[in-house]
Amino acid sequence: PDKIRPFITFVLGGPGSGKGTQCTKIAETFGFLHISAGELLRKEMSSNCEYGAIIRDIIKEGKIVPSEITVNLIHKAIKSTSNQNILIDGFPRSDENRMAFERIVGVEPDLVIFFDCPEDEMVKRVLSRNEGRIDDNTETVKKRLKVFDKLNLPVITYYSWKGKVQKINAVGTAEEIFEKVRQLFASERC
Ligand code: UP5
Ligand code: MG
């Protein structure tokens with residue numbers, strides 16, 4: 001028999017808008033599988049794989065890694081789980097990413113969450129994080145914000161047009177924001 005199609009949620013928002021934090025909470029609370037595109041790429045970057053150096057240079061510049069690389073990593077993660085509820089954090093970042101996903105994975109998301117956060121708040125959060133990320137510095141953050149506006153917002157516009165976007169104001173404590181997220185999933189899934 002055919003595998004039942006999973007319920008796929010894309011989680012989008014600018015750098016530091018809280019995607020990772022909220023995805024962790026959703027995964028814990030609702031049992032979703034959390035796939036972070038950025039984490040997959042950072043893992044690939046640190047391994048001795050053929051694209052490691054290329055990925056590092058792109059992330060350092062705040063640019064977007066070629067779609068085929070990211071989509072293949074995400075596709076592998078989707079294929080290797082039996083979990084029917086999947087969160088994809090920080091992807092697709094451009095229309096080109098989106099079309100590559102549709103072509104290679106062959107599905108569209110059921111839901112797109114957009115964490116809407118003011119730039120000064122995003123910058124503050126990113127710069128006060130202390131995890132040694134090569135892109136958490138003033139110069140790269142500026143570039144990440146520009147790339148978000150130019151390439152990622154059109155993806156959100158596209159899915160808004162398809163009626164799939166739930167926009168959440170990402171200002172407040174992580175707990176306050178999660179309360180809104182929780183309500184959203186409670187109404188989406190039941
Ligand atoms: N924090 C979280 N919520 C808070 C709140 N409500 N109040 C106060 N503080 C809060 O949060 C950021 C920081 O803020 C943390 O310290 C957190 O504790 C605190 P986080 O949840 O990590 O936010 P997130 O939106 O996940 O921020 P992140 O920096 O991870 O977002 P990016 O989109 O910039 O990073 P990502 O890892 O997705 O991508 C990194 C790079 O990889 C990209 O720039 C790109 O070069 C590359 N990439 C691709 O090329 N293709 C992809 O598909 C994905 C990534
Ligand atoms: Mg993140």
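This is a predicted model: local features need pLDDT of at least 70, side-chain atom pairs count only at pLDDT 80 or more; totals for chains, interfaces and linings use all residues.
## Location of the ligand

Two or more lining residues come from each of α1, β2 (33-36), α2, α6 (119-128), α7 (138-161) and α8. Of these elements, α2 gives the most to the lining, with five residues. By class, the lining comprises 14 nonpolar, 17 polar and twelve charged residues.

## The shell around the ligand

Ligand 1 is surrounded by 29 residues, of which Thr 21, Lys 63, Arg 93, Arg 129 and Arg 144 are the closest. Nine residues of this shell are nonpolar, eleven are polar and nine are charged.

At least two shell residues are supplied by each of the helices α1 (19-30), α2 (37-46) and α8 (174-189). Helix α2 again gives the most, here with four residues.

## Polar contacts and burial

Thr 21 places a polar side-chain atom 2.5 Å from an oxygen atom of ligand 1. Backbone atoms take part as well: a polar backbone atom of Gly 16 is 2.9 Å from an oxygen atom of the ligand, and a polar backbone atom of Gly 172 is 2.9 Å from a nitrogen atom of the ligand. Taken alone, ligand 1 exposes 1000 Å², and the protein buries 85% of that area.

Definitions and conventions. Residues are numbered from 1 along each chain as its sequence is written. Chains are lettered from A and ligands numbered from 1 in the order in which they are written. Side-chain values use heavy atoms; hydrogens and water are left out. A residue is near a molecule or strand if one of its heavy atoms lies within 4 Å of it. A polar contact is a pair of N or O atoms within 3.5 Å; within protein, one must be able to donate a hydrogen and the other to accept it, and residues adjacent in sequence count only if both atoms are side-chain atoms. Accessible areas come from the Shrake-Rupley method with a 1.4 Å probe; for residues, only the protein chains shown count as cover. Ala, Val, Leu, Ile, Met, Phe, Trp, Tyr, Cys and Pro count as nonpolar, Asp, Glu, Lys and Arg as charged, and the others, Gly among them, as polar.
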